[in-house]
Amino acid sequence: MLGETLDAHAAGAQDAADELQPPAVPGPDDVMVLPEPQRNRPTVPLDRGRAAGRDPAELDVKLSRIEESPFWLTEEERSAATNPAPATGTPVAEPVNRPGGRVRRTGRSPRRAAPGLVGLVALALIATFFSWVSAEPFWLAVGHGDRGTATVARCIGSGVTQRCTGSFAATDGAFAVQKVTVLGVDPAHRAPGSTAAARMVDPHSRQAYVGNTGLLVHLRWVLGFVLVLLCGIGIAGLTGTRRLETLRARRTALLMSLAGPLILLAGFLAAAF
């Protein structure tokens with residue numbers, strides 16, 4: 001028993017002495033050498049649901065963004081994604097360089113045919129009306145016509161709305177028209193049976209103009225000619241001439257749009273001569 005007690009006390013003293021000794025400092029020969037990493041080591045997939053307490057749905061969104069990032073696309077794929085190809089049959093507007101740095105796009109889609117056709121017919125009828133009412137005042141303004149005497153039968157209205165009817169007899173007795181519209185009657189000749197010097201373009205006309213060529217006659221044919229020309233410009237706009245591809249085609253279409261009303265005007269001038 002005594003021997004065992006002495007051995008226990010000796011072991012405890014030895015442990016206390018070991019604890020009091022300073023830690024050993026490693027020498028130059030005691031450096032730990034790590035093994036080289038293996039390049040072909042197996043890849044262990046990570047569990048997305050256990051990554052540092054993050055939401056698996058959030059990780060899926062971030063990973064999908066990384067996979068769909070344009071960083072992985074080639075230059076051709078990026079260009080195709082930025083400028084998608086148009087649908088089949090749709091004309092592509094190509095920019096055309098013009099002098100002065102301006103760019104004009106051509107090949108625009110055409111308008112529907114129905115509105116352009118309706119506008120063409122309507123403006124053609126309007127141009128026909130103004131050509132008809134402007135032909136006789138034009139010939140009278142340039143001095144063409146037969147002189148005679150107009151007899152007023154009835155006048156209604158006043159000013160611009162005045163309407164007078166009567167008869168006309170040529171000065172040389174070549175013809176006489178029993179019922180005509182008498183234009184330009186002044187207040188002194190409004191009474192039934194009053195006579196005044198007047199002119200008619202030809203025996204087939206139904207209008208007699210009282211007095212000399214004045215401002216009213218010039219305004220009638222000037223305004224009529226201007227409105228006929230505006231009808232031609234309107235036809236060009238409604239039929240879509242500016243949507244044609246080439247400059248030559250646009251100019252040709254514009255000239256044809258103006259030529260239609262002008263041909264009508266020329267026809268009425270020839271008929272009224």
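The structure is a predicted model, in which local features need pLDDT of at least 70 and side-chain atom pairs count only at pLDDT 80 or more, while totals for chains, interfaces and linings use all residues. Residues are numbered from 1 along each chain as its sequence is written, and side-chain values use heavy atoms, with hydrogens and water left out.

The protein chain has six helices and seven strands, taken as DSSP runs (helices H or I, at least four residues; strands E, at least two) and numbered from the N terminus. Their order from the N terminus is α-α-α-β-β-α-β-β-β-β-β-α-α. Of the contacts (heavy atoms within 4.5 Å) between residues at least 6 apart in sequence, 60% link residues at least 24 apart.

Of the 273 residues, 22% are buried, where buried means under 20% relative accessible area, exposed over 50%, and partly exposed in between (1.4 Å probe, protein chains only).

The count of disulfides (pairs of cysteine sulfur atoms within 2.5 Å) is one. C155 and C164 form this link, with their sulfur atoms 2.1 Å apart. The bond between C155 and C164 is right-handed, at 115° about S-S.

| Cysteine | Relative accessibility |
|---|---|
| C155 | 16%, buried |
| C164 | 2%, buried |
| C231 | 6%, buried |
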